[in-house]
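Thanks for coming. I will go through a few helices today, and I will keep it short.

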Amino acid sequence: MTDRDPAPTTRPMQPAHAETPKDAETPNDEAFHVEYAARVYRLPPYMFGRINALLYQKRRAGADVIDLGMGNPSDPPPDYVIEKLAEAARDPRNHGYTQSNGILNLRREVASKYFRRYGVRLDPEEEVMVCLGSKEGFSHLCLALMGPGDTAIVPAPFFPVHMYAVALAAGNVIALEVADSEKFLRNIAYTCQHLYPKPKLLILNYPHNPSTATVEPEFYTEIVRLAKRYQLMVISDFAYADVAFDGYQPPSFLAAKGARDVGVEFTTMSKGYNMAGWRVGFCAGNAEMIRGLGTIKGYYDYGMFRAIQIAAILALRHGEAQIEAQSKIYQNRRDVLVNGLRRSGWDVEPPRAGMFVWAPIPEPWRSQMTTMDFAMMLLDKGDVAVSPGSGFGPAGEGFVRMALVENENRLRQAVRQIARCLKNAGGNAETNTV
Ligand SMILES: Cc1ncc(COP(=O)(O)O)c(C=O)c1O
């Protein structure tokens, strides 16, 4: 993706008073063309479109498709959070516009969670901002930081917004593979040494979606060192901070010494708190970067419904036990899916965090078909929807991503259907093994 993509053709605008006798004769049925801005043409076709169309068609025809495509949590938030939302919604004072950076008490609660969990002290006035979901905050921060000629390093394979928010901001992207964190660090250094102009922004995402790669705290120490050395701003997307297994605690970038000098971190209530539809996310860290985000947000939005913010305070304050229990649910689902697939002959690695299994396509299909065709086959013949890895860029080719969003029984059923589908397609996976 470069900033040299062709601009769309433009058509001159007519002044409003241009109704000459000739204009008045223009027939009403003349074709009218909507012309998008150049930035829209920089976006690639939606990679999950084919899968979604078939999923929709099958469901309309009555098929019971098990959808492991999207990381959309299927469990509700706790009752006390929903009750607080209802109570706050009944208060007539909560229905006006709020500040776009979020109410102070919610920002304070985010700061306390950072201190409780990671020992990081944040100033809630300057170093925390509330976003309408972390995706909104991330996209608008890219708009605040990036412009034509600027380059961002993004993880490969990539969660689409990591790539396209930069592209929408007219920036360029270099995607570096994240699977091996040592190699990733070396490649960041190499890119900074050799690219001119130097990259301006580094986007990180651990636990990583889609590959499920994780890191240890020392990784971030090294990131801060590189960022200072090469004047590289850092955005850490920490969406899966609260979903981890087997005692692993994903480290926060902000806990690294000096992190706040060079970057910010996004967290969300979508995943661990089961509040994806509520759209509550946070940006924390470098005050200057947060001010830039605030400037953009001040023009674009009027803040989040106050009742949601009040309920979010309660969820954050009392949510530790709930997010731990939710992680356990994902861990059990992970075990059902991974063990089931392994028993059926498909060797996949268990992730130690996040909501996904990232599975290399087994032979003989890996060398016979594209990732997209493999995913279409599982959907068409097995009634199981998964995300083709190629939807996350070329580095995802050869993999599919399965989201742990169905309960254990449905996952067992999914394994049976996948095994049957692969067996019928000529592979060596066995049926009825789970
Ligand atoms: C890596 C990553 N970042 C951000 C998001 C979006 O989070 P939010 O719901 O807070 O916008 C997701 C959601 O799937 C994600 O996987």
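Which residue just after helix 13 takes a positive phi? It is Gly345, with a phi of about 100°. Keep in mind that this is a predicted model.

Staying with helix 13, residues 320-343, we can check its length. At 1.5 Å a residue, its 24 residues should span 34 Å, and the end C-alpha atoms are 34 Å apart, so the two agree. The buried residues of helix 13 include Arg333 and Arg334, along with Gln326, Ser327 and Tyr330. Also on that list are Ile323, Val336, Leu337, Val338, Gly340 and Leu341. The partners of these buried residues are strand 9 (356-360), strand 12 (399-403) and helix 16 (408-424).

Next, helix 7, residues 160-168. Its buried residues are His162, Met163, Tyr164, Ala165, Val166 and Ala167. They pack against helix 6 (134-145) and against strands 3 (151-156), 4 (172-177), 5 (201-204) and 6 (233-237). After helix 7 comes Ala170, also with a positive phi, near 75°.

Last, a helix pair. Helix 5 (residues 104-118) packs with helix 12 (residues 306-318) at an angle of about 20°, and the axes are 9 Å apart. Angles under 35 degrees count as roughly parallel, so helix 5 is roughly parallel to helix 12. Their crossing is left-handed. On the helix 5 side, the residues in contact are Asn105, Leu106, Glu109, Val110 and Lys113; helix 12 contributes Gln309, Ala312, Ile313, Leu316 and Arg317. By class, that contact has five nonpolar, two polar and three charged residues.

That is all I have.

Notes:
Residues numbered from 1 in each chain as written. Predicted model: local features only at pLDDT ≥ 70, side-chain atom pairs only at ≥ 80, totals over all residues. Axes fitted to C-alpha atoms, helices over the stretch in contact; angles between N-to-C directions. Helix = DSSP H or I, 4+ residues; strand = E, 2+ residues; numbered from the N terminus. Parallel < 35°, antiparallel > 145°, perpendicular 65-115°, else oblique. Left-handed = near helix turned anticlockwise from the far one by under 90°. Contact = placed C-beta atoms within 7 Å. Nonpolar A, V, L, I, M, F, W, Y, C, P; charged D, E, K, R; others polar. Expected span 1.5 Å × (residues − 1). Buried ≥ 20, exposed ≤ 12 C-beta atoms within 10 Å, placed from the backbone.
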